[in-house]
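Thanks for making the time this morning.

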Amino acid sequence: MLPYKDMLQYVWDCDYVGDMANYAEAWEYNYGKWIFPANTILEYIDKVTGDPEDKAILKAEAHYYRAFANLELMDTYCLPYCDENLDEPGLSRKTSTSFEQDVTRMNLRDTHKMIEDDIKEALKIKRTDLSRSWRVSLPAAQALAARFYLYSNDYEKALEYAEEALKAKSELVDYNGGDIYLQPLETPYGEVDITNLYLIIYESEKLYAWKEYYHYANISTLVLPVSQFLLDKYDHENDLRYEFFVVDKFGWFMGLDDTSTKAFMYFGMTNIPFGPTVQEMILTKAECQARLGNWQDAMETLVPLRNARMRPGTPKLTATSQDDAILKIADERIRELTFATRWSDIRRYNNNETDIDDVTITRQFYPYTATEFTVDGEMKTYTLDKKSRRFAAPLPTQEITLSQGQIVQNKY
């Protein structure tokens, strides 16, 4: 059984979830692991001795990490970035280690500029070595800039930075080449095929060296059940992502007498790449080309990615128009990046220059109260409309309380 807070988030609750224990995990992780250490570096770096070039690199890295974390926070707790939302509540300007700093929420316009300013500082980094993916490099900063501008619907800048990142690194893992293979795992109920990536979680040096990373950062989670929507996006005969990463009989793997459940596994059950990668930059470049009118070139941009993911002889992905190309690329992002970028993609699709890619989400689940879901009741349909204010998740109630009124909750 999933934690109650997870079930509340599944149906986009905005009344009770902010009060749940452990709901503040994303907030605490981004502020605690990324933003506070970055602020510490920026606050004290000029007060210590050291090589000026080393200091400059550390400063740029700190700006990168702060931008990375604030972009994730903005994409979680704020409404999507677009002209009509610029005056909506954004984030607090946390640029100090002081607990006395005012944490009143800026508007979304100023939040966006705060992140952009940090990215510009991160782009000053001189390190170009990509062999240590856990350290920030110029190509990693360029890749983060491409992600930021794509999420801002600024396709020209996103294309510019994606191309710069790809100049530095464009090699993909060829799924036909033996780097990934299926192997059996014995469970109490029978045998399950998993990929060799499951073992890499125990060999961190291999994980860090995975050649598609610009910057190593992962989403950690325990269970990634696969929806029928996602299953239907794959070519089950030719797409090696389906063969390697969609695990049959996942219930058996979890120790349950269940053969029907499928799940998604990548770098083991607990790690999904979230830092910028080569495949993300290829998809960003292709999407920007298509949205800027160069849709034929966009389909050519996808060729190396498709060759690395599909069985030999699979027909080339083609499009008949600009709109068709945009939708084909959106589907490819689902197949390649779904657990890393899907939420962010839906947010921007619903607030960009066209309605061809709009997404309304519906889910069937049980009715609920403040304390429980009525699992013996009739299923209810929950809908997240394209302009729903629930695209901004509720802020953790404990953070509002600790701020003594400076932070205000989102309005629904």
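The largest cavity is lined by 16 residues, and those lying nearest its centre are Ile272, Pro273, Glu336, Leu337 and Ala340. Please keep in mind that this is a predicted model, in which that cavity holds about 140 Å³ of space. Helix 15, residues 322–349, is one of the elements that supply at least two lining residues, together with strand 8 (272–273) and helix 12 (278–291), and helix 15 gives the most, with six. By class, this lining divides into eight nonpolar, five polar and three charged residues.

The second largest cavity has a volume of about 90 Å³, and its lining includes Asp75, His112, Arg347 and Arg348.

Turning to the open side, the second largest pocket contains about 570 Å³ of space; of its 23 lining residues, Trp27, Lys94, Phe99, Val103 and Glu399 are the closest to its centre. Helix 2 gives the most to this lining, with seven residues, and the lining as a whole has eight nonpolar, ten polar and five charged residues.

Finally, the packing: the largest nonpolar core has 88 residues, among which Tyr64, Ile119, Tyr214 and Met281 touch the most other members. Helix 3, residues 52–77, contributes the largest share of that core, eleven residues. Another core, of 22 residues, lies apart from it and includes Trp210 and Ile272, and Ile272 brings us back to the largest cavity, where we met it near the centre.

Note on methods
Residues are numbered from 1 along each chain as its sequence is written. This is a predicted model: local features need pLDDT of at least 70, side-chain atom pairs count only at pLDDT 80 or more; totals for chains, interfaces and linings use all residues. Side-chain values use heavy atoms; hydrogens and water are left out. A nonpolar core is a set of buried Ala, Val, Leu, Ile, Met, Phe, Trp, Tyr and Cys residues joined through side-chain atoms within 4.5 Å. Buried means under 20% relative accessible area, exposed over 50%, partly exposed in between (1.4 Å probe, protein chains only). Helices (H or I, at least four residues) and strands (E, at least two) are DSSP runs, numbered from the N terminus. On a 1 Å grid over the protein atoms alone, a cavity is a set of points where a 1.4 Å probe fits but cannot get out, and a pocket is an open set with protein on both sides within 12 Å along at least five of seven lines; lining residues have an atom within 4 Å of a point. Grid points are joined across faces, edges and corners, and a volume is the space filled by probe spheres set on the points. Ala, Val, Leu, Ile, Met, Phe, Trp, Tyr, Cys and Pro count as nonpolar, Asp, Glu, Lys and Arg as charged, and the others, Gly among them, as polar.
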